[in-house]
Structure formats: structure tokens, C-alpha cells
Amino acid sequence: MASSSDRNPPPFPASEEPEPELSDMADGDSDEGEDIFVSTSHLASVSRGVSQPEEPADLFNEETTTAKPNGVHSDDDDLFAEAQGDLSSAPSGNSTRKDLSTSAGLPSARSPAALQPTSLEQLEEEEATDSFDVDVAVTNPEKVGDGMNAYVAYKVSTRTSLPMFKSKVFTARRRFSDFLGLYEKLSAKQSLHGCVIPPPPEKSVVGMTKVKVGMDDPSSVEFVEKRRAALERYLQRIVSHPLLLQDPDVREFLEREDLPRAVNTQALSGAGFLKMINKASDAVSKMTIKMNESDTWFEDKFQEVDMEEQQLRKLHAVVDSLVNHRKELCMNTAVFAKSMAMLGNSEDNTALSRALSQLAEVEDKMEQLHQEQAGSDFFIFAELLSDYIRLLGAVRGCFDQRVRVWQRWQEAQSTLQKKREAEAKLLWANKPDKLQQAKEEITEWEAKVTQYERDFDRIGMAVRKEVLRFEKEKAKDFKSQIIKYLEAMLQSQQRLIKFWEAFLPEAKAIA
């Protein structure tokens, strides 16, 4: 896919009163990636979903920011201040806040639901012209150290032709905590702006303890392979994201030989990650000012995400049961094959003895087949479900972040109202010495209200685009993995038929 600096957000029809430019949402937070939402198009106010003020026209002019040759802005660049437009004066006599739910009902306004197909079309057009020439693989897990201080290092190999990287082919050794550290850095910057950050695989104290005790144990080998595959999928999702790919921390993770040791990563995966998401959701639910969502698109999508997460959890539990069933079937088949071989050895009838021995060999082959099927159930299907359960949690986090930005805007409005009331009291009490300071405070909070409103508009557009992108990637992933799973099952059944066809003449030859 192409550089995100060349991309425009999905076209939204302009309402009667376009909104102003959007600037940095996270005060004091520097953003080291490139803003994929900078556009020369006019954004409609339908992304807000709550009451808003009348805004001047010409949201964005055709001004562009100066980027580095590799397409990534410096640390001093402001993510949300990249689109600077000339604001015309607001219409007179209409400075009060307007209700989006009322304006959405006007003939000229289009509902968010009507905008979704257009947005998806735009997203498909962008992906058709964009190209992500980055191939990342995680291989060669190697145990480093002895005893309880041991850890597993993975070889991260990258092949690319993008000019932002120093070379076309490079490798680095990374431990599990490095992957968690990368997630921590990306979350601190990008999640504040409504970006869906792929979560890392879960921690497992039991699994890692077994690895530290004995790397050659079958359960340890299975655990390391499971984690290696999960880490590879985690990195592949990051480098396929147009914004995350250009983050300097991602490039440093892939290119730099030695990284500083990541700390405070205990809560960034597994149960800790889920607790973090739930804690954020609880914080949103406990807000003093409740958000009355009037944008049906966000309301519907949030319900869809919540329902889909519940269904995926149920399906994941069933698939886990299926994997355990195949493993149990594998062990029972091995016992059956051994017993059949012993019976064949004790049989006096030559033809029957040979047939029983052949049957034992077939059962041995079936044991291997059941083992492969269990692996297919797990690595192809169960892990896909597990990944998307965590990804849906990240999507819910984006919705919660939008609500928090709205909360900050509403709190600023409340503070501004109190400042104006204080000014009125000073005027009534005839205290000119404090009046100037009150006016300055009102001016300051008016600017904050305007800024926070723009932040809310911007994160609404960002979350909308991220959700549409997530849905498209999810459909592609499920299609690919389901086809892969069915092909593996078909191949397994074909091999099973050949085993029984080869044994049938032996059974008929029994005299």
C-alpha cells in the first residue's frame, strides 16, 4: 500500500455547515507516525454524533505539511496540526450549539449508515492502489541462559523495498518482552488517536516455566511454536497497517540490533490486557456526564463488536474442546494400534495374523493423521479466533477513547459556562480589578472548547476509518484461514481413504 501521506479519508458529504480544521488531540503527546487522516476534502459533521457548534466553512485548504524523505514526520511534528486551513468567519447570530440529531434530519444531511458503503468503497480504492512491500517472519526460537533466568530469543527477519528502511533485507534477535514493549510504545501514542493497535499474544507463566526447566519437552516445544506463530502474526498485522508501519518505534524494532530492555510489560498481554480494556470501559461507564450517542453508525457498530466478541468466545471454547478431543483420539488410537499388533503376533492363523499386523500399521498412520488434524484445528482455526477476540477488545478500546475525548470536551464546556457566570457576578458586583483576569480565563477556555471539539471530530473520523479497515481485514483473514483449514481437512481425509483402500485386500485375504 502506498504511503499514508497520499491517502484521503473516506468521502463524507458536506452538511450545511462544515466543521473547522482538526488539530492535536492528546495534549503534550508527540506523535512519531504520519497522519493518514490529512485530507483536502471537506469533512461533514456527521461523525460527531452529539451536539456541536456552528462551524465555519473551508475545513481544509490544500496546504500540506513538510515531511521527511522517508515519508515520516519528525518527533516535533503535531499529528493533528498537519491540516491547517483558512477559517472563514462564522455565520453571525448563530453561535449557540446545534443538535446533530436535529441537523441529521434535514433533507440535505445523510445518515452515517448511508455513508458507510461510500467509505468502504473509498477504502477499497486506496488498498487497490497502495502497496505494503514488507515481509516479516519470526523464526528460530532459541533458549538463552540457564535456570529461571533463561528466556527465548526469536529471529525477526524482514524483507522490503521501501525507502524508509536502511536496507532491503535485515534480521534481529528479539525476546518476548521486546514485543510487549513495542505494543506499549504504540499504544501510548497511536491509541489516543483512535488507532486499532494489534494486541500481542498472551503471556503464560506455566508454559515459560516449562521451557526454562526443559526446552526439549514436547509440551515446551508446542508452547514455543505456538508463541512463535502468534508473534509472527502480531508483527504482520502491525506492518500491514498504514500508520503503524511508519512509526519510528516499529522501524527501530525491526532494524536495530540491540533494543533497551522493555519494562512494565506485565499488564500488556493475556489477562492483564483484558483487565486493561475492561478498566478503560469501566472508567467510561462511570463518567459524570453520560454521552447521548446520536450517531447511529457508532451505536450500531459498538453493538456489533460486543455481540461478535461474545460469539467468538463461545466458538473458541468449542474449538478448544475439539482440539482436546483430537488429541485424546490420537492417544487412544496409539493404544489401539499397539494392542492390535500384540494380538497379531499371538495369532496362529497366518493370514489373520498378517491382516491384524497390517491393521496395526494403519492405526499407527491414523495416529499421526489425528495429531496433524489437531495441529490444524489449533494453529489454523483456534489461534485465528483467539487473535480476533483480542483485536475486538482493541476496537472497543477505540470506541471508549472517543467517548473519553467527548467527555473532555463536555467538561471544558461546563468549565467555560462557570467562568462566564463568574464574569457576570464580577460585572454585577462592579469589581473591574478582577474582570480582566476573568475575561482572559474565558478566552482561554473558549479556545480549549474549540480545540476539544475538533479533537472529537477528528477521532470520530479516525475510529470510523479504523473500524471499516478492521472489518475488511477480518473478512480477508477468515476467508484465507477457512480455505486453508478446509484444504487441510480434505487432504487428511484423502490420505485416510488411501490407508483403508490399501488395507482392504489384506482383510479380504483372510482365509
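**Exercise 1. How many residues does helix α3 have, and what does it reach from its first C-alpha to its last?**

Before we start, a word on the model: it is predicted, so local features need pLDDT of at least 70, side-chain atom pairs count only at pLDDT 80 or more, and totals for chains, interfaces and linings use all residues. Residues are numbered from 1 along each chain as its sequence is written, and side-chain values use heavy atoms, with hydrogens and water left out.

*Solution.* 
- Step 1: find the helix. Helices (H or I, at least four residues) and strands (E, at least two) are DSSP runs, numbered from the N terminus. Helix α3 covers residues 176-190, which is 15 residues.
- Step 2: compare the span. The expected value is 1.5 Å times one less than the number of residues. α3 reaches 21 Å, close to the 21 Å expected.

**Exercise 2. Which residues of α3 are buried?**

*Solution.* 
- Step 1: apply the cut-offs. Buried means under 20% relative accessible area, exposed over 50%, and partly exposed in between (1.4 Å probe, protein chains only).
- Step 2: go along the helix. Twelve of the 15 residues in α3 are buried, so described as mostly covered. Among them are Phe176, Phe179, Leu180, Leu182, Tyr183 and Leu186, along with Asp178 and Lys189.
- Step 3: Buried residues make up 47% of its 511 residues, and the chain holds ten helices and five strands.

**Exercise 3. In what order do the three strands of the open sheet stand, and how are they paired?**

*Solution.* 
- Step 1: trace the pairing. Two strands pair if DSSP finds at least two bridges between them. The order is β3-β4-β5, with antiparallel pairing.
- Step 2: locate the edges. β3 (134-144) and β5 (169-175) each pair on one side only.
- Step 3: zoom in on β3 and β4. Nine bridges join β3 to β4 (residues 151-160). Ala137 stands opposite Ser157, and Val134 has Thr160 as its bridge partner.
- Step 4: visit the turn. β3 and β4 form a hairpin with six residues between them, and Gly145 in the turn has a positive phi of about 90°.

**Exercise 4. At what angle do the axes of α5 and α9 cross, and within what distance do they come?**

*Solution.* 
- Step 1: recall the description. Two packed helices are described by the angle between their axes and the distance between the axes.
- Step 2: read both values. Helix α5 (residues 218-239) and helix α9 (residues 350-429) have axes that come within 11 Å and cross at roughly 50°. The two helices are therefore oblique to each other.
- Step 3: inspect Ala230 in α5. Ala230 counts as buried because its relative accessibility is 6%. Ala230 touches Pro201 and Glu383, not counting residues up to four places away in sequence.
- Step 4: turn to Lys226, also in α5. Lys226 counts as partly exposed because its relative accessibility is 35%. With the exclusion of residues up to four places away in sequence, Lys226 touches Phe378, Phe379 and Glu383.

Key. Axes are lines fitted to C-alpha atoms, for helices over the stretch in contact, and angles run from 0 to 180 degrees between N-to-C directions. Angles under 35 degrees count as roughly parallel, over 145 as roughly antiparallel, 65 to 115 as roughly perpendicular and the rest as oblique. Contact means heavy atoms within 4.5 Å.
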